[in-house]
Amino acid sequence: MLVVALPRTALFLQALNIYYFNKGYLDEQFIQLEELEDDDNPNFVEEMVTTFYNNSARLLQNIEQALVSRPIDFTKLDNYMHRFKGSSSSIGATRVKKECTIFTEYCKKANAEGCIRTFLQVKQEHACLRRKLETYFQLGRQAAGPSANAGGQVG
Amino acid sequence: MGISTESQFHVLAVDDSLIDRKLIERLLKTSSYQVTTVDSGTKALEFLGVHEDDQSNPDIPSVSPNTHQEVEVNLIITDYCMPGMTGYDLLRKIKESSSLRNIPVVIMSSENVPSRISRCLEEGAEEFFLKPVRLSDVNRLRPHIMKTKPKDQQEDKQENKEEELGKPEFQSREEKEEQQQQQQHHHLQHQHSNSNKRKALEEGLSPDRTRPRYNNGLTTVV
């Protein structure tokens, strides 16, 4: 399963990856993204994630605004959330996606309180994942750097 | 990553989501296709050389032949849910156009709605992919694109056509299994309920998702 010759940082990266999976932060779609990386596109995953966070910031703002306006336009909300959920799904953000689904259910029932409550969860998961991915990419860069050739002490 | 010595096939991808455009572009390029992405059905039609405004005027041809020649598209893959012109609307317009109707069209959607799927397939879509789209989905495009090979190559292919049409579903299943095995080899296999669900969904849906292959009169050699 794990290649023995990996330096310590890269091993930790693998472990982190697996941890993310076990905890449900990311799903196979994220693996798919990693498999699409190659020598010509070595930063594809990070680019996708960066694009996601740039785009989603705007969408979240839109949702926020729609939630404070009176009366609440649930159709608009549903629209925004549909897009946000789609993007989350495309990068494999499982937990975020789950909260989106719950939000959508409340939205379709025009349940403002449910929407507001769930939206907090959405933002939380979104921010949490961002931190984890930042760590992940940082480690990835370290692993690819000069220390990568140093030969590993497995530990 | 095989670099084909044949001329590359060109795919037009339509999606209003930037993330999904990036994803589909990467997936297609990995499969050695040339890719153009646009963010709306209207832009797709413009790219294909269809001028919507002119369609109401019988004197002006709806397709400018020169534009079409320069930009040859072998397959169109489009998102279903888009503001303004949906993927379904785009599909219809393409099938209504005498010069474009032979271009295979594939629909993508994040929502699994059987009535939506059958409506698209009935309108002439070759395949319907559930998002997020994977490499195994993109592998299924090949037989549809192969139908649009240029004339001289098509004559050679004519004899093998039935074999080819028969093969792809088989291959794609094998390829899918291979890929899954590779994934297991390189990563721990996680018994995620999502993955089981998706597999079950795919298996259950496969008669709906992959339409029995009929020729929509595409064998005419022009």
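**Chain B and its strand β1**

Modeller: Of the 222 residues in chain B, 45% count as buried (under 20% relative accessible area with a 1.4 Å probe, protein chains only; over 50% is exposed, and in between is partly exposed). This is a predicted model, where local features need pLDDT of at least 70, side-chain atom pairs count only at pLDDT 80 or more, and totals for chains, interfaces and linings use all residues. Residues are numbered from 1 along each chain as its sequence is written, chains are lettered from A and ligands numbered from 1 in the order written, and side-chain values use heavy atoms, leaving out hydrogens and water.

Biologist: How many helices and strands are in chain B?

Modeller: We take DSSP runs, meaning H or I of at least four residues for helices and E of at least two for strands, numbered from the N terminus. That gives chain B 9 helices and 5 strands.

Biologist: Why is strand β1 of chain B largely enclosed by the rest of the structure?

Modeller: Side chains in a regular strand alternate between the two faces of the sheet. In β1(B), B:V11 and B:A13 are buried on one side, and B:H10, B:L12 and B:V14 on the other. So β1(B), residues 10-14, is largely enclosed because its buried residues number 5 of the 5.

Biologist: Which residue in β2(B) is the bridge partner of B:V11?

Modeller: Strands pair if DSSP finds at least two bridges between them. β1(B) and β2(B), residues 34-38, run parallel over 5 bridges. In β2(B), the partner of B:V11 is B:V35.
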